[in-house]
Amino acid sequence: MHQFTSKQDFCDWFNQFQHPLLVENWSDINGVVTITAQGGVDITLPFASNELKTSLHQWVTQQQSSGAVPEFAFQIELSVKALETHVTNSVKGVKNIIAVSSAKGGVGKSTTAVNLALAIAQSGAKVGLLDADIYGPSVPMMLGQEDAKPEVRDSKWMEPILAHGIYTHSIGYLVDKSEAAIWRGPMASKALSQLLTETDWPELDYLVIDMPPGTGDIQLTLSQQIPVTGTVLVTTPQDLALADARKGAAMFNKVNVPVVGVVENMSYHICSQCGATEHIFGMGGAEKMCQEFGLALLGQIPLHISMREDIDAGIPTVARRPDSEHAGYYKQLADRVCSTMYWQGKAKPDAISFTMVN
(Lines give C-alpha, C1' and ligand atoms only; values in the text may rest on other atoms or scores of the structure.)
Protein backbone atom coordinates (compact mmCIF):
# COMPACT_ATOMS: atom_id res chain seq x y z
CA MET A 1 0.00 0.00 0.00
CA HIS A 2 1.16 3.50 -0.84
CA GLN A 3 2.21 5.40 2.30
CA PHE A 4 1.60 9.12 2.85
CA THR A 5 3.84 10.93 5.31
CA SER A 6 4.09 14.33 3.59
CA LYS A 7 2.38 16.57 1.08
CA GLN A 8 4.95 15.54 -1.54
CA ASP A 9 3.85 11.91 -1.10
CA PHE A 10 0.34 12.97 -2.10
CA CYS A 11 1.68 14.96 -5.06
CA ASP A 12 3.78 12.02 -6.26
CA TRP A 13 0.72 9.80 -6.10
CA PHE A 14 -1.61 12.24 -7.87
CA ASN A 15 0.98 12.75 -10.61
CA GLN A 16 0.39 9.11 -11.56
CA PHE A 17 -3.06 10.20 -12.76
CA GLN A 18 -2.76 11.10 -16.42
CA HIS A 19 -5.33 12.92 -18.50
CA PRO A 20 -5.32 14.72 -21.89
CA LEU A 21 -6.16 18.00 -20.14
CA LEU A 22 -3.19 17.77 -17.77
CA VAL A 23 0.56 18.06 -18.16
CA GLU A 24 3.25 16.03 -16.41
CA ASN A 25 3.62 16.64 -12.65
CA TRP A 26 0.41 18.68 -12.62
CA SER A 27 -0.20 18.31 -8.89
CA ASP A 28 3.15 19.95 -8.04
CA ILE A 29 1.69 23.33 -9.05
CA ASN A 30 1.36 25.58 -6.03
CA GLY A 31 -2.13 25.51 -4.54
CA VAL A 32 -3.39 22.37 -6.25
CA VAL A 33 -2.80 19.97 -3.34
CA THR A 34 -3.66 21.06 0.21
CA ILE A 35 -3.41 18.93 3.34
CA THR A 36 -6.41 19.50 5.62
CA ALA A 37 -6.35 19.86 9.40
CA GLN A 38 -8.01 16.44 9.61
CA GLY A 39 -5.16 14.79 7.76
CA GLY A 40 -6.99 14.43 4.45
CA VAL A 41 -6.27 16.17 1.17
CA ASP A 42 -8.13 18.68 -0.97
CA ILE A 43 -7.56 19.07 -4.70
CA THR A 44 -8.22 22.50 -6.17
CA LEU A 45 -8.41 22.17 -9.94
CA PRO A 46 -6.89 25.24 -11.62
CA PHE A 47 -9.44 25.40 -14.45
CA ALA A 48 -13.06 24.44 -15.02
CA SER A 49 -13.65 20.89 -16.24
CA ASN A 50 -16.43 18.57 -15.13
CA GLU A 51 -14.98 15.69 -17.12
CA LEU A 52 -11.59 16.02 -15.46
CA LYS A 53 -13.19 16.26 -12.03
CA THR A 54 -15.22 13.10 -12.68
CA SER A 55 -12.25 11.19 -14.07
CA LEU A 56 -10.09 12.08 -11.06
CA HIS A 57 -12.83 11.01 -8.64
CA GLN A 58 -13.15 7.68 -10.44
CA TRP A 59 -9.38 7.13 -10.40
CA VAL A 60 -9.15 7.82 -6.66
CA THR A 61 -12.10 5.53 -5.94
CA GLN A 62 -10.52 2.75 -7.99
CA GLN A 63 -7.20 3.19 -6.18
CA GLN A 64 -8.91 3.02 -2.79
CA SER A 65 -11.10 0.00 -3.66
CA SER A 66 -8.05 -1.89 -4.91
CA GLY A 67 -6.25 -1.29 -1.61
CA ALA A 68 -3.47 0.73 -3.25
CA VAL A 69 -4.11 3.66 -0.90
CA PRO A 70 -5.86 4.10 2.47
CA GLU A 71 -9.40 5.40 2.83
CA PHE A 72 -8.34 8.91 3.84
CA ALA A 73 -10.73 11.86 3.79
CA PHE A 74 -10.86 12.99 0.18
CA GLN A 75 -12.53 15.96 -1.41
CA ILE A 76 -12.19 17.60 -4.79
CA GLU A 77 -12.98 21.29 -4.85
CA LEU A 78 -13.32 23.01 -8.21
CA SER A 79 -11.91 26.51 -8.48
CA VAL A 80 -10.47 28.67 -11.23
CA LYS A 81 -7.29 30.68 -10.84
CA ALA A 82 -6.82 34.05 -12.50
CA LEU A 83 -4.01 34.24 -15.02
CA GLU A 84 -1.51 37.02 -15.45
CA THR A 85 -1.87 38.80 -18.78
CA HIS A 86 0.35 41.12 -20.72
CA VAL A 87 -2.12 44.01 -20.29
CA THR A 88 -1.73 46.20 -17.22
CA ASN A 89 -5.34 47.30 -16.75
CA SER A 90 -8.04 44.91 -15.63
CA VAL A 91 -11.80 44.46 -15.61
CA LYS A 92 -13.24 44.60 -12.11
CA GLY A 93 -14.27 41.21 -10.81
CA VAL A 94 -13.23 39.23 -13.93
CA LYS A 95 -10.43 36.65 -13.69
CA ASN A 96 -10.16 35.43 -17.28
CA ILE A 97 -11.41 36.90 -20.56
CA ILE A 98 -11.99 34.63 -23.56
CA ALA A 99 -12.56 36.38 -26.90
CA VAL A 100 -14.43 34.26 -29.45
CA SER A 101 -13.54 35.66 -32.85
CA SER A 102 -13.84 35.06 -36.56
CA ALA A 103 -12.51 37.16 -39.39
CA LYS A 104 -15.52 36.18 -41.50
CA GLY A 105 -19.23 36.37 -40.75
CA GLY A 106 -21.62 33.46 -41.06
CA VAL A 107 -19.39 30.77 -39.55
CA GLY A 108 -21.43 30.28 -36.37
CA LYS A 109 -19.22 32.33 -34.06
CA SER A 110 -22.06 33.60 -31.84
CA THR A 111 -23.62 30.14 -31.54
CA THR A 112 -20.21 28.83 -30.51
CA ALA A 113 -19.65 31.66 -28.00
CA VAL A 114 -23.05 31.22 -26.33
CA ASN A 115 -22.80 27.44 -26.02
CA LEU A 116 -19.16 27.67 -24.89
CA ALA A 117 -20.13 30.07 -22.08
CA LEU A 118 -22.98 27.80 -20.98
CA ALA A 119 -20.74 24.72 -21.08
CA ILE A 120 -18.05 26.38 -18.94
CA ALA A 121 -20.74 27.39 -16.44
CA GLN A 122 -21.96 23.80 -16.23
CA SER A 123 -18.43 22.81 -15.19
CA GLY A 124 -18.96 24.78 -11.98
CA ALA A 125 -17.40 28.12 -12.91
CA LYS A 126 -19.08 31.51 -12.68
CA VAL A 127 -19.37 32.83 -16.23
CA GLY A 128 -20.33 36.02 -18.03
CA LEU A 129 -21.05 36.64 -21.71
CA LEU A 130 -20.54 40.00 -23.43
CA ASP A 131 -22.00 40.55 -26.89
CA ALA A 132 -19.40 42.81 -28.54
CA ASP A 133 -21.09 42.87 -31.94
CA ILE A 134 -22.23 46.48 -31.81
CA TYR A 135 -23.68 46.46 -35.34
CA GLY A 136 -25.44 43.10 -35.22
CA PRO A 137 -26.06 41.93 -31.62
CA SER A 138 -27.56 38.45 -31.58
CA VAL A 139 -27.01 37.25 -28.01
CA PRO A 140 -30.35 38.61 -26.64
CA MET A 141 -32.29 36.62 -29.25
CA MET A 142 -30.17 33.51 -28.79
CA LEU A 143 -30.80 33.55 -25.04
CA GLY A 144 -34.51 34.41 -25.28
CA GLN A 145 -33.94 37.84 -23.71
CA GLU A 146 -34.92 40.19 -26.54
CA ASP A 147 -37.10 42.37 -24.28
CA ALA A 148 -34.72 42.46 -21.30
CA LYS A 149 -33.44 45.84 -20.09
CA PRO A 150 -30.57 46.13 -17.60
CA GLU A 151 -31.13 48.06 -14.38
CA VAL A 152 -28.79 51.00 -13.79
CA ARG A 153 -27.25 51.62 -10.36
CA ASP A 154 -25.87 55.00 -9.22
CA SER A 155 -26.58 56.42 -12.70
CA LYS A 156 -23.59 54.49 -14.07
CA TRP A 157 -23.37 50.77 -13.33
CA MET A 158 -25.44 48.50 -15.56
CA GLU A 159 -26.61 45.24 -14.03
CA PRO A 160 -26.00 42.22 -16.32
CA ILE A 161 -28.96 40.11 -17.42
CA LEU A 162 -28.95 36.62 -15.93
CA ALA A 163 -29.91 34.03 -18.56
CA HIS A 164 -29.63 30.24 -18.26
CA GLY A 165 -27.16 30.62 -15.38
CA ILE A 166 -24.73 33.07 -17.02
CA TYR A 167 -24.43 36.86 -16.65
CA THR A 168 -24.85 38.65 -19.97
CA HIS A 169 -24.75 42.10 -21.52
CA SER A 170 -25.26 43.37 -25.05
CA ILE A 171 -25.94 46.59 -26.91
CA GLY A 172 -29.09 44.75 -27.95
CA TYR A 173 -30.43 45.24 -24.41
CA LEU A 174 -30.02 49.03 -24.73
CA VAL A 175 -31.35 49.88 -28.21
CA ASP A 176 -34.58 49.11 -29.99
CA LYS A 177 -34.23 45.76 -31.76
CA SER A 178 -35.68 47.23 -34.97
CA GLU A 179 -33.08 50.02 -35.14
CA ALA A 180 -29.65 49.80 -36.75
CA ALA A 181 -26.49 51.08 -35.04
CA ILE A 182 -25.14 53.49 -37.68
CA TRP A 183 -21.89 54.36 -35.92
CA ARG A 184 -18.38 55.03 -37.09
CA GLY A 185 -15.58 52.82 -35.81
CA PRO A 186 -14.37 55.01 -32.89
CA MET A 187 -17.92 55.39 -31.58
CA ALA A 188 -18.54 51.65 -31.76
CA SER A 189 -15.24 50.97 -29.99
CA LYS A 190 -16.18 53.40 -27.22
CA ALA A 191 -19.56 51.69 -26.82
CA LEU A 192 -17.81 48.34 -26.42
CA SER A 193 -15.47 49.72 -23.77
CA GLN A 194 -18.44 51.11 -21.84
CA LEU A 195 -20.33 47.83 -22.03
CA LEU A 196 -17.32 46.04 -20.61
CA THR A 197 -16.14 48.45 -17.93
CA GLU A 198 -19.47 49.97 -16.81
CA THR A 199 -21.25 46.67 -16.31
CA ASP A 200 -21.44 45.61 -12.67
CA TRP A 201 -20.13 42.11 -13.29
CA PRO A 202 -20.13 39.78 -10.28
CA GLU A 203 -16.93 37.93 -9.41
CA LEU A 204 -16.49 35.94 -12.64
CA ASP A 205 -14.12 33.07 -13.32
CA TYR A 206 -14.55 33.57 -17.06
CA LEU A 207 -16.00 36.30 -19.25
CA VAL A 208 -16.66 35.12 -22.80
CA ILE A 209 -16.76 37.94 -25.37
CA ASP A 210 -18.62 37.32 -28.61
CA MET A 211 -16.59 39.44 -31.02
CA PRO A 212 -17.92 40.99 -34.22
CA PRO A 213 -16.52 39.45 -37.41
CA GLY A 214 -13.51 41.05 -39.05
CA THR A 215 -10.17 42.58 -38.06
CA GLY A 216 -11.12 46.24 -37.64
CA ASP A 217 -11.43 48.91 -34.95
CA ILE A 218 -13.38 46.89 -32.39
CA GLN A 219 -11.00 43.94 -32.59
CA LEU A 220 -8.01 46.25 -32.14
CA THR A 221 -9.69 48.05 -29.23
CA LEU A 222 -10.35 44.78 -27.48
CA SER A 223 -6.89 43.35 -28.06
CA GLN A 224 -5.01 46.52 -27.11
CA GLN A 225 -7.06 47.90 -24.20
CA ILE A 226 -8.63 44.85 -22.58
CA PRO A 227 -6.71 42.12 -20.72
CA VAL A 228 -7.69 39.20 -22.95
CA THR A 229 -6.44 35.91 -21.52
CA GLY A 230 -6.90 34.09 -24.80
CA THR A 231 -8.72 34.09 -28.13
CA VAL A 232 -10.68 31.25 -29.72
CA LEU A 233 -10.89 31.43 -33.52
CA VAL A 234 -14.01 30.02 -35.20
CA THR A 235 -13.99 28.94 -38.83
CA THR A 236 -15.60 26.43 -41.16
CA PRO A 237 -13.77 23.92 -43.39
CA GLN A 238 -14.51 26.10 -46.43
CA ASP A 239 -11.42 27.59 -48.09
CA LEU A 240 -12.86 31.11 -48.06
CA ALA A 241 -13.50 31.04 -44.31
CA LEU A 242 -10.08 29.53 -43.62
CA ALA A 243 -8.36 32.27 -45.60
CA ASP A 244 -10.01 34.88 -43.35
CA ALA A 245 -9.29 32.84 -40.21
CA ARG A 246 -5.59 32.95 -41.08
CA LYS A 247 -5.84 36.75 -41.18
CA GLY A 248 -7.46 36.72 -37.76
CA ALA A 249 -4.68 34.54 -36.33
CA ALA A 250 -2.07 36.85 -37.83
CA MET A 251 -3.76 39.93 -36.34
CA PHE A 252 -3.84 38.53 -32.82
CA ASN A 253 -0.24 37.43 -33.13
CA LYS A 254 0.78 40.97 -34.11
CA VAL A 255 -0.92 42.52 -31.08
CA ASN A 256 0.42 39.80 -28.74
CA VAL A 257 -2.94 38.31 -27.76
CA PRO A 258 -2.59 34.54 -27.12
CA VAL A 259 -4.62 32.36 -29.47
CA VAL A 260 -5.97 29.38 -27.51
CA GLY A 261 -6.86 27.46 -30.64
CA VAL A 262 -9.31 26.94 -33.48
CA VAL A 263 -12.87 25.63 -33.57
CA GLU A 264 -14.02 24.14 -36.85
CA ASN A 265 -17.75 24.82 -36.90
CA MET A 266 -20.11 23.13 -39.39
CA SER A 267 -17.34 20.55 -39.68
CA TYR A 268 -19.79 18.10 -41.21
CA HIS A 269 -23.55 17.74 -41.58
CA ILE A 270 -25.56 15.12 -39.67
CA CYS A 271 -28.73 14.06 -41.44
CA SER A 272 -31.71 14.34 -39.07
CA GLN A 273 -33.45 11.41 -40.82
CA CYS A 274 -30.77 8.75 -41.16
CA GLY A 275 -27.84 10.07 -39.12
CA ALA A 276 -25.44 9.96 -42.06
CA THR A 277 -22.60 12.48 -42.11
CA GLU A 278 -21.51 14.57 -45.07
CA HIS A 279 -18.65 17.09 -45.34
CA ILE A 280 -20.59 19.67 -47.31
CA PHE A 281 -18.06 22.48 -46.66
CA GLY A 282 -14.98 20.34 -47.25
CA MET A 283 -12.76 18.67 -44.69
CA GLY A 284 -9.33 18.91 -43.10
CA GLY A 285 -8.98 22.67 -43.57
CA ALA A 286 -8.87 23.71 -39.90
CA GLU A 287 -6.46 20.91 -39.05
CA LYS A 288 -4.09 22.11 -41.78
CA MET A 289 -4.36 25.70 -40.54
CA CYS A 290 -3.56 24.61 -36.97
CA GLN A 291 -0.44 22.83 -38.18
CA GLU A 292 0.54 25.94 -40.12
CA PHE A 293 0.26 28.27 -37.11
CA GLY A 294 1.13 25.77 -34.35
CA LEU A 295 -2.32 26.00 -32.80
CA ALA A 296 -4.63 23.56 -31.04
CA LEU A 297 -7.63 22.21 -32.94
CA LEU A 298 -10.02 22.59 -30.03
CA GLY A 299 -13.11 21.04 -31.54
CA GLN A 300 -15.01 20.06 -34.66
CA ILE A 301 -18.68 20.94 -34.24
CA PRO A 302 -21.16 19.35 -36.68
CA LEU A 303 -24.10 21.04 -38.37
CA HIS A 304 -27.43 19.68 -37.16
CA ILE A 305 -30.97 21.00 -37.32
CA SER A 306 -31.54 20.69 -33.56
CA MET A 307 -28.79 23.22 -32.83
CA ARG A 308 -30.50 25.75 -35.09
CA GLU A 309 -33.90 25.01 -33.52
CA ASP A 310 -32.52 25.50 -30.02
CA ILE A 311 -30.98 28.87 -30.85
CA ASP A 312 -34.18 30.04 -32.55
CA ALA A 313 -36.13 29.01 -29.44
CA GLY A 314 -33.88 31.15 -27.25
CA ILE A 315 -32.54 28.14 -25.35
CA PRO A 316 -29.13 27.09 -26.75
CA THR A 317 -28.37 23.39 -27.03
CA VAL A 318 -26.20 23.17 -23.90
CA ALA A 319 -29.08 24.61 -21.84
CA ARG A 320 -31.96 22.90 -23.65
CA ARG A 321 -30.42 19.44 -24.16
CA PRO A 322 -27.56 19.27 -21.63
CA ASP A 323 -27.25 15.48 -21.89
CA SER A 324 -27.38 15.30 -25.68
CA GLU A 325 -24.53 14.32 -27.97
CA HIS A 326 -24.50 17.83 -29.42
CA ALA A 327 -24.16 19.47 -26.00
CA GLY A 328 -21.29 17.07 -25.42
CA TYR A 329 -19.34 18.67 -28.27
CA TYR A 330 -19.49 22.04 -26.52
CA LYS A 331 -18.65 20.60 -23.11
CA GLN A 332 -15.57 18.95 -24.59
CA LEU A 333 -14.73 22.26 -26.25
CA ALA A 334 -15.08 24.08 -22.92
CA ASP A 335 -12.70 21.62 -21.24
CA ARG A 336 -10.11 22.11 -23.95
CA VAL A 337 -10.40 25.90 -24.03
CA CYS A 338 -10.06 26.30 -20.26
CA SER A 339 -7.23 23.78 -19.89
CA THR A 340 -5.21 24.95 -22.89
CA MET A 341 -5.57 28.58 -21.83
CA TYR A 342 -4.41 27.73 -18.32
CA TRP A 343 -1.36 25.79 -19.43
CA GLN A 344 -0.44 28.51 -21.91
CA GLY A 345 -0.25 30.86 -18.94
CA LYS A 346 1.59 28.45 -16.64
CA ALA A 347 3.73 26.05 -18.65
CA LYS A 348 6.53 26.46 -21.14
CA PRO A 349 5.30 26.27 -24.75
CA ASP A 350 6.95 22.91 -25.34
CA ALA A 351 5.00 21.45 -22.40
CA ILE A 352 1.62 22.24 -23.94
CA SER A 353 -0.14 19.49 -25.88
CA PHE A 354 -1.81 20.50 -29.12
CA THR A 355 -3.05 16.99 -29.92
CA MET A 356 -6.17 16.85 -27.76
CA VAL A 357 -8.72 16.31 -30.52
CA ASN A 358 -10.03 12.77 -30.80
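**Close-up views of salt bridges and strand pairing**

**View 1. R153 is partly exposed, with a relative accessible area of 33%.** Buried means under 20% relative accessible area, exposed over 50%, and partly exposed in between (1.4 Å probe, protein chains only). The model is predicted: local features need pLDDT of at least 70 and side-chain atom pairs pLDDT 80 or more, whereas totals for chains, interfaces and linings use all residues. Residues are numbered from 1 along each chain as its sequence is written, and side-chain values use heavy atoms, without hydrogens and water. R153 forms a salt bridge with E159, with 3.4 Å between the closest N and O atoms; the term requires a side-chain nitrogen of Lys or Arg within 4 Å of a carboxyl oxygen of Asp or Glu. E159 is partly exposed at 25%.

**View 2. R308 and D312 meet in a salt bridge (3.0 Å, N to O).** The two residues are four apart in helix α9 (residues 305-312), about one helical turn. Helices (H or I, at least four residues) and strands (E, at least two) are DSSP runs, numbered from the N terminus. R308 is partly exposed at 46%, and D312 is exposed at 52%.

**View 3. Salt bridges that share partners join R153, D154, E159 and D200 into one network.**

**View 4. The side chains of D205 and K95 meet in a salt bridge (3.4 Å, N to O).** D205 lies in strand β10 and K95 in strand β4, 110 residues apart. D205 is buried at 13%; K95 is partly exposed at 34%.

**View 5. Strand β4 (residues 94-101) has seven of its eight residues buried.** β4 pairs in the parallel sense with β10 (residues 204-210) over six bridges; pairing needs at least two DSSP bridges. V94 stands opposite L204 in β10. β4 also pairs in the parallel sense with β11 (residues 230-235), over four bridges, and I98 stands opposite G230 there.
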